[in-house]
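Please have the model open as you read.

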Amino acid sequence: MTAFGQFAGHLGLITVLIWVVGGYPLYLWGGQDLLLAGVAGCVICAVNTLAGGGIAIWAKGKDQKTFLKAVFGGMGIRLFIVLILFFIVMKLVKLHLFGLTLSLFLFYIVFQILEVRFFVGSQSGKSPVQEEI
């Protein structure tokens, strides 16, 4: 399996675990509107994180200057895209605002931890997916 495939699989596993543990309590607490806002935030952050993993894989064999431009420049561009998507979803879809904001924040934090583990593992030559959590 490719490095990106391992990263995507690990991201998918963590996402499923989060929703298995937290999906039903979230539904009971806030209803369908809150649950849909949480799913929207999760999808936006998952796509953002997959793009970051792809950029890291592309830049891995490049020189340090190119790698840093790709990673940090890509991070800034991706964060700006998340902001734009937040406002589009907020205005056009009319989801639960607190739920969307909180899910974006929480999933962004969790997925960034996974992305950093992936960067560190890909630089050290071992896959963080193969390590025990």
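A search of the whole structure turns up two cavities of 30 Å³ or more. Here a cavity is a set of points on a 1 Å grid over the protein atoms alone where a 1.4 Å probe fits but cannot get out, while a pocket is an open set with protein on both sides within 12 Å along at least five of seven lines; lining residues have an atom within 4 Å of a point. Grid points are joined across faces, edges and corners, and a volume is the space filled by probe spheres set on the points.

This is a predicted model, in which local features need pLDDT of at least 70, side-chain atom pairs count only at pLDDT 80 or more, and totals for chains, interfaces and linings use all residues. Residues are numbered from 1 along each chain as its sequence is written, and side-chain values use heavy atoms, with hydrogens and water left out.

The protein has three helices and zero strands, in the order α-α-α along the sequence. Helices (H or I, at least four residues) and strands (E, at least two) are DSSP runs, numbered from the N terminus. The C-alpha trace spans about 50 × 30 × 20 Å along its principal axes.

Which residues line the second largest cavity? They are Gly 52, Ile 55, Ala 70, Val 71, Gly 74, Met 75, Arg 78, Glu 115 and Phe 119. Helix 1 (3-59), helix 2 (64-93) and helix 3 (97-124) each give two or more residues to this lining, and helix 2 has the largest share, with five.

The table sets out volumes and lining classes. Ala, Val, Leu, Ile, Met, Phe, Trp, Tyr, Cys and Pro count as nonpolar, Asp, Glu, Lys and Arg as charged, and the others, Gly among them, as polar.

| Space | Volume | Lining residues by class |
|---|---|---|
| Largest pocket | about 280 Å³ | ten nonpolar, five polar, no charged |
| Second largest pocket | about 150 Å³ | eight nonpolar, one polar, no charged |
| Second largest cavity | about 40 Å³ | five nonpolar, two polar, two charged |
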